[in-house]
Amino acid sequence: MRFAGLAGAGLLMLALAGCEGASAPATQEASAGSDALPAPVLEQMGTQPLRARAEAALRDQRLHTPPGDNAVEYYLALRERESDPGVAAALGEMQPYVLIATEQALAQQPLDEARRLVGLLARMDAHAPALPRLRESLRVAQERADREEGARIADAAKPALATPVQVTPTAPPIPARTNSPGAPVTPAPVATIATPPPATPEPVTPKEAAAPAPVARTETAPTALPRLLQDAAPRYPLAARNRRIEGSVQVAFTIQPDGRVTDARAVSAQPEGLFEQAALAAAARWQFEATSRRVTTTRTVTFRLPPDPNT
């Protein structure tokens, strides 16, 4: 059972990294990428060294990146060698984070990272409910990228159209005037452009000036929510626990007809930047009763600490 505890510690570190900024984890991942092992070397590595690398990846918050040197791939290699409940529990706890990273990568170009994460999620759980949707989203995104690339190549291949040159007739030079002695010098004519006077705005009556701008409002009819079948308590971020900070996150999400949760996003958080990742990871594991409709709703995830025994 040592892996279950290690997985929990690693996921707490991940939440801490998301709360305290993205610059530090990016630096750690960049430096850790040099330790990636080729697949043949990984297959020949002993169980103990492989376990040590898995534990180090959890401590360094490298759950699914960089490729070849992350906790998910090390735990997958361990699962192929031995049947350990701790390994299965660690992979199950990391799965929501891989799902969130995949959905974020689908909105970016190129799609190589999204394709890698979809494959990683399939290795973790070939029957994951989100896999069909993610594969379809990847296919649609790839087709759109191919169309855009094809249009760009076609535009580049078009011959440049010759731009007609407009010739402006030049007025003949004005001959110099010879003035007789003592006669005033006649100045040359100067061309001027008359600027039309600025338009005078129409007067606004006091009644019109005081009228507020119209505001569009959307009223949503109340809809009965499907019954919650499987709840998932969020993990308390280590940074907030150490500083004894409490808070809440309002999560908006869509309940699909089969009861799974998609499109989870943080609408508001108190305080901001501390609990959002943990709340979204918990929302990805919620399961509702299957219905014949799709429902969009919100739910508030609250983070409360037990009373301090020293007070």
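1. Crossing of α6 and α7. In this predicted model, helices α6 and α7 cross with a left-handed sense. The contact draws on Leu-91, Met-94, Gln-95, Val-98, Leu-99, Ala-101, Thr-102 and Ala-105 from α6, and on Glu-113, Ala-114, Leu-117, Val-118, Leu-121 and Met-124 from α7. Sorted by class, these are eleven nonpolar residues, two polar ones and one charged one.

2. Geometry of the pair. Helix α6 spans residues 85-105 and helix α7 spans residues 112-124. Their axes lie 9 Å apart, and the packing angle is about 155°. Angles over 145 degrees count as roughly antiparallel, so α6 is roughly antiparallel to α7.

3. The largest nonpolar core. This core has 39 residues. Within the core, the residues with the most contacts are Leu-50, Val-72, Tyr-75, Leu-91, Met-94, Met-124 and Leu-134. At least two core residues come from each of α4 (47-59), α5 (71-81), α6, α7 and α8 (131-157). Helix α6 gives the largest share, nine residues. Leu-91 and Met-94 of α6 and Met-124 of α7 also take part in the contact between these two helices. In soluble globular proteins, nonpolar side chains tend to be buried together.

4. The other core. A further core, of 23 residues, lies apart from the largest one. Its members include Ala-269, Leu-274, Ala-279 and Ala-282.

5. The chain as a whole. The protein chain contains eleven helices and five strands. It has 311 residues, of which 34% count as buried. Among contacts with a separation of 6 or more, 72% are between residues 24 or more positions apart.

6. The cis bond at Pro-66. The peptide bond from Thr-65 to Pro-66 is cis, and its omega is near -5°. Thr-65 sits in the loop between α4 and α5, and Pro-66 has its place in that loop too. Thr-65 counts as buried because its relative accessibility is 13%, and buried means under 20%. Although Thr-65 and Val-98 are 33 residues apart along the chain, their C-alpha atoms are separated by 9.7 Å. Val-98 is one of the α6 residues in the contact with α7.

7. Gln-61. The loop between α4 and α5 also holds Gln-61. This residue is not a glycine, yet its phi is positive, at about 65°. Its relative accessibility is 16%, so Gln-61 counts as buried.

8. The cis bond at Pro-271. A cis peptide bond also runs from Gln-270 to Pro-271, with omega near -10°. Pro-271 lies in the loop between β3 (261-270) and α11 (276-283).

9. Asp-263. Strand β3 includes Asp-263, a non-glycine residue with a positive phi of about 55°. With a relative accessible area of 45%, Asp-263 is partly exposed. Gln-61, by contrast, counts as buried at 16%.

Methods: Residues are numbered from 1 along each chain as its sequence is written. This is a predicted model: local features need pLDDT of at least 70, side-chain atom pairs count only at pLDDT 80 or more; totals for chains, interfaces and linings use all residues. Side-chain values use heavy atoms; hydrogens and water are left out. Axes are lines fitted to C-alpha atoms, for helices over the stretch in contact, and angles run from 0 to 180 degrees between N-to-C directions. Helices (H or I, at least four residues) and strands (E, at least two) are DSSP runs, numbered from the N terminus. Angles under 35 degrees count as roughly parallel, over 145 as roughly antiparallel, 65 to 115 as roughly perpendicular and the rest as oblique. A crossing is left-handed if the near helix is turned anticlockwise from the far one by less than a right angle, and right-handed if clockwise. Contact means heavy atoms within 4.5 Å. Ala, Val, Leu, Ile, Met, Phe, Trp, Tyr, Cys and Pro count as nonpolar, Asp, Glu, Lys and Arg as charged, and the others, Gly among them, as polar. A nonpolar core is a set of buried Ala, Val, Leu, Ile, Met, Phe, Trp, Tyr and Cys residues joined through side-chain atoms within 4.5 Å. Buried means under 20% relative accessible area, exposed over 50%, partly exposed in between (1.4 Å probe, protein chains only).
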